[in-house]
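This briefing is meant for a reader who is meeting the structure below for the first time. Please keep the sequence and the 3D view at hand while reading.

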Amino acid sequence: MRSTTAPVRKKRQWTGQNSNMILGPAMILPAVVALALFQYLPLITAVLNSLQSFSPFDQSSTGWVGLGNYSDIFADPAFRYALLNTFLYIVLMLALTIPLALLLAVLLDRRLPGTTWARNAVIGALAASEAVTALIWNQMYEPSSGLFNAILHAASIPTQPFLTGGSQALVSIVVMTVWKDVGLPLLIFLAGLQAIPRELHEAAQLDGANDWQIFRKITLPQLRPSIVVALFMVTITATRMFTPILIMTQGGPQGTTTNLALYSYLQGFEFQSQGTASASVVCMLAVLAIVTLAQSYLLRGQQEK
């Protein structure tokens, strides 16, 4: 009986190991296929298209031009303006969203009266459609009958152009985007705050530390991973900002709100220049990579110190 049962157990063990070796790759295969089809394949296609010229009539390739499309867009003043505006969007979004989200997260973490309502309001704004939000804020920014100018008029402040003013249009779009998307970094910070052991704060209070010292010496260092994630998410949002600009200003006035995303759209769909549009998309991805790598380097350097 021993001689017959031993081979059976060995065979079952061998079969189980092989089934696990097959089951693991089979489970991740759909995710790998989806990632390849919707992430890497479009990226590779954009890079290849940026090195070719295309017919404006049937969008067929007319040959390789190498870096010719990149030379064309860098020689275009509108592209250089869009590149500058893209960096402005990133800087303003980070400067406004991260401190505001951190402040709101600290207040919500203290469970003050109205905390539940405030959290639901922030999440509701985050879940709202970009197009609907842009249309509503477009009406509120209206110079003649908008809500904001009505409030300014009641306070005896002159009417402001907002979206029709070259110096205010970009900032107006950023303010709307911050209002809508501040909920994402807020939730990230709130999760980080709730993960900090309360014993650390209690020990610091026993040692005589005030609220600011506790926040600077304990809370912020513990929130470093959350801050890194929030920085990356806000940077991505600012770089790919498209729908609010298209609906509210169409890139105007005089290109003051055009970024690389809108510039790529205009090149590809209005001017039927697929090669320069793809080159602009590649440049936009390069900007995103440079900014995120710079953030990683700076944060890593501060952590080592």
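R240 counts as partly exposed, at 48% relative accessibility, where buried means under 20% relative accessible area, exposed means over 50% and partly exposed lies in between, with a 1.4 Å probe and protein chains only. This is a predicted model, in which local features need pLDDT of at least 70 and side-chain atom pairs count only at pLDDT 80 or more, while totals for chains, interfaces and linings use all residues. Residues are numbered from 1 along each chain as its sequence is written, and side-chain values use heavy atoms, with hydrogens and water left out.

**Two residues and their surroundings**

- R240 is found in the loop between α11 (224–239) and α12 (243–248), helices being DSSP runs of H or I with at least four residues, and strands runs of E with at least two, numbered from the N terminus.
- When residues up to four places away in sequence are not counted, R240 touches E130 and A261, contact being heavy atoms within 4.5 Å.
- Between R240 and E199 there are 41 residues in sequence and 41 Å in space, taken from C-alpha to C-alpha.
- S278 is found in helix α14, and this residue is buried, with a relative accessible area of 8%.
- Apart from neighbours within four places in sequence, S278 is in contact with A46, N49 and S50.

**Salt bridges**

- A search of the whole structure finds two salt bridges, a salt bridge being a side-chain nitrogen of Lys or Arg within 4 Å of a carboxyl oxygen of Asp or Glu.
- One of them joins the side chains of R198 and D109, at 3.4 Å from N to O, and this pair links distant parts of the chain, since R198 belongs to helix α9 (residues 198–206) and D109 to helix α3 (residues 77–109), 89 residues apart.
- K180 forms a salt bridge with D181, the closest N and O atoms being 3.5 Å apart; K180 counts as buried at 7% relative accessibility, and D181 is buried at 14%.

**Pockets**

- Rolling a probe the size of a water molecule over the atoms shows where empty space is left.
- The largest pocket holds about 410 Å³ of space, a pocket being, on a 1 Å grid over the protein atoms alone, an open set of points where a 1.4 Å probe fits, with protein on both sides within 12 Å along at least five of seven lines, and lining residues having an atom within 4 Å of a point.
- Its volume is the space filled by probe spheres set on the grid points, which are joined across faces, edges and corners.
- The largest pocket is lined by 14 residues, of which V106, R110, H201, I214 and T219 lie nearest its centre, and the elements giving two or more residues to this lining are α3, α9 and α10 (211–222).
- α10 gives the most to the lining of the largest pocket, with five residues.
- The second largest pocket has a volume of about 260 Å³, and its lining includes L35, F38, Y40 and V281.
- α1 (2–49) and α14 (274–304) each supply at least two residues of the lining of the second largest pocket, and the largest share, seven residues, comes from α1.
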